[in-house]
Amino acid sequence: MASIEATGLSKRYGARNALDGLTFAAEPGEVIGLLGPNGAGKTTTIRLLTTILEPSSGTFTVAGEPGDRPHRIRQRIGVLPESGGYPARQTGAEYLRYAARLFGRSRRDARSAADRLLDDVGLGDRAGTRISAYSRGMKQRLGIARALVNDPSVVFLDEPTLGLDPAGQREILATIGEIAGRRGATVVLSTHTLTEVEQVCGSVLILDHGRLRAAGPLADVVAGAGSLSAAFISLTEGAGHE
Amino acid sequence: MSSNRWDVVAEQESRELWIGGRGPVLVFGFSLLLSAMTYLAATNRAMNFLEQREAVNLTVQVGLAVGVLLTVVVSADAISGERERGTFESLLLTPVSRRAIVVGKLVAASTMWLACLIVTLPYLWVLGRGVAGAGQAALLTLVVGTLVALGLGGVGLLFSAWTNSNKTSLACGLLLLLVLFAPTQLPALPKTGIGEVITRVNPIGSALHYISQILVSRRNWTHDLSYLASPVVVALVVTGVLIVAGPRLVRLTAGLR
């Protein structure tokens with residue numbers, strides 16, 4: 001059974017189509033790359049599948065739950081939003097404990113989950129430090145830890161390596177591989193960085209101006225073009241991007 | 001069934017308000033204002049310019065007015081502020097229902113009113129000694145003030161949900177309070193026909209009038225009970241709107257589905 005299934009998913013803002021008839025499926029344990037230039041519809045896709053936005057048309061299921069049951073979907077997904085803010089006055093541990101409690105954990109469970117996740121993402125020694133003192137890379141790792149606080153079946157990561165140095169990017173990519181490999185969760189990775197997709201993704205979706213240009217296993221999409229970069233440019237070129 | 005963890009939201013919001021946030025600063029400012037006002041009232045009383053019950057009534061009115069003002073300031077920031085800080089999406093991505101988010105935020109904002117009430121109590125005790133008015137005034141402030149704070153704090157939360165800008169929601173809240181407070185400063189207003197209507201419709205005007213009737217005119221609590229209709233209706237309607245329309249109001253971007 002597919003862990004994500006979207007059929008004809010569309011989102012319109014007035015006359016503008018932010019997403020137009022997206023249809024795809026993702027299997028459990030798969031890391032799927034969501035690619036596209038600015039304004040392609042990547043963040044809209046993630047916000048639709050994570051129930052933050054309502055689709056204008058189309059249907060979807062996530063983790064076996066239909067799109068018309070948003071609270072049940074939210075129970076089973078983890079999300080690192082694009083440019084998500086962090087409460088500066090909270091410590092990393094407080095931030096994760098609060099998130100765990102919102103997912104229904106008791107105080108004691110929330111505390112142990114927060115400690116475990118902070119260790120998992122390498123922030124165990126900074127658990128009591130205020131988030132305002134964290135570097136960007138540390139905040140991204142904290143965000144990923146938060147996305148895992150409910151042991152999700154599907155994880156959405158929107159630009160998780162944005163603004164990170166190469167070492168920080170490498171750490172995040174290793175964490176993503178671990179999420180899919182060890183936890184068996186499906187990971188949807190939205191990014192501009194094609195090399196990241198080549199390193200960790202088994203399949204890709206390429207969007208442009210809200211339309212799906214290519215979907216499938218990485219090897220199939222690359223076949224013929226020679227490289228993912230060449231395939232990406234040929235599928236999205238001449239569209240007048242931002 | 002979506003999760004109803006309003007208490008978790010309320011606890012965290014209250015913690016942010018009182019431990020890491022603006023709560024203590026605002027209440028400290030409020031206590032300075034009350035201290036200055038109590039000093040002036042006590043001085044005037046000593047010079048026989050102000051009757052003791054009037055001094056107590058004045059303190060209750062200032063306590064209620066400023067307490068409600070600070071509650072609106074906090075509630076007007078509750079949603080639009082999170083949108084501006086970028087922390088709202090994380091909250092919306094949890095299984096906590098939108099209604100629970102609204103209720104939790106309103107409860108947390110209401111703690112500002114309760115704090116103002118607690119700060120007011122010693123001043124009431126000082127000014128009301130000997131006339132057995134302090135206890136009555138405190139109870140009256142708790143009951144009537146809570147109704148007004150809940151209703152207008154809820155309106156502040158509605159402004160916050162309807163706008164993406166924190167400045168806009170705060171400006172709307174303060175403008176509303178200005179419109180509601182201004183008529184209360186016209187001494188002859190309740191004595192005229194139209195003035196009576198305006199006083200009764202205005203939740204703040206009617207609440208202050210009801211309180212002064214009991215504290216200064218020594219009326220029974222049930223004598224002018226109809227003046228409480230406006231605060232009760234506003235509190236019930238606003239709370240009802242927030243609970244019923246919560247799922248449509250609490251969105252990542254105001255007005256965007």
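**Exercise 1.** Determine how helices α7(B) and α11(B) are oriented relative to each other.

*Solution.* In this predicted model, local features need pLDDT of at least 70, side-chain atom pairs count only at pLDDT 80 or more, and totals for chains, interfaces and linings use all residues. Residues are numbered from 1 along each chain as its sequence is written, and chains are lettered from A and ligands numbered from 1 in the order in which they are written.

Step 1. Helices (DSSP runs of H or I, at least four residues) and strands (E, at least two) are numbered from the N terminus. Helix α7 spans residues 134-162 of chain B and helix α11 residues 229-249; their axes come within 8 Å and cross at roughly 30 degrees. Axes are lines fitted to C-alpha atoms, for helices over the stretch in contact, and angles run from 0 to 180 degrees between N-to-C directions.

Step 2. Angles under 35 degrees count as roughly parallel, over 145 as roughly antiparallel, 65 to 115 as roughly perpendicular and the rest as oblique. α7(B) and α11(B) are therefore roughly parallel.

Step 3. Their crossing is left-handed (the near helix is turned anticlockwise from the far one by less than a right angle; clockwise would be right-handed).

Step 4. Contact requires C-beta atoms, placed from the backbone, within 7 Å. Among the contact residues are Gly151(B) and Gly154(B) of α7(B) and Val238(B) and Thr239(B) of α11(B). By class, the contact has 16 nonpolar, three polar and no charged residues (nonpolar: Ala, Val, Leu, Ile, Met, Phe, Trp, Tyr, Cys and Pro; charged: Asp, Glu, Lys and Arg; polar: the others, Gly among them).

**Exercise 2.** Describe the packing of α1(B) against α6(B).

*Solution.* Step 1. α1 (residues 6-18) and α6 (residues 98-128) of chain B pack at about 35 degrees, with axes 7 Å apart. The crossing is right-handed.

Step 1. α1(B) contributes residues including Trp6(B) and Glu13(B), and α6(B) residues including Gly104(B) and Lys105(B). The contact of α1(B) with α6(B) holds nine nonpolar, three polar and two charged residues.

**Exercise 3.** Classify the exposure of Ala63(A) and Arg218(B).

*Solution.* Step 1. Ala63(A), with phi near 55 degrees, is in the loop between β4 (57-62) and β5 (65-66) of chain A. Arg218(B), with phi near 60 degrees, lies between α10 (203-215) and α11 of chain B.

Step 1. A residue is buried if 20 or more other C-beta atoms, placed from the backbone, lie within 10 Å of its own, exposed if 12 or fewer, and partly exposed in between.

Key: Contact = placed C-beta atoms within 7 Å.
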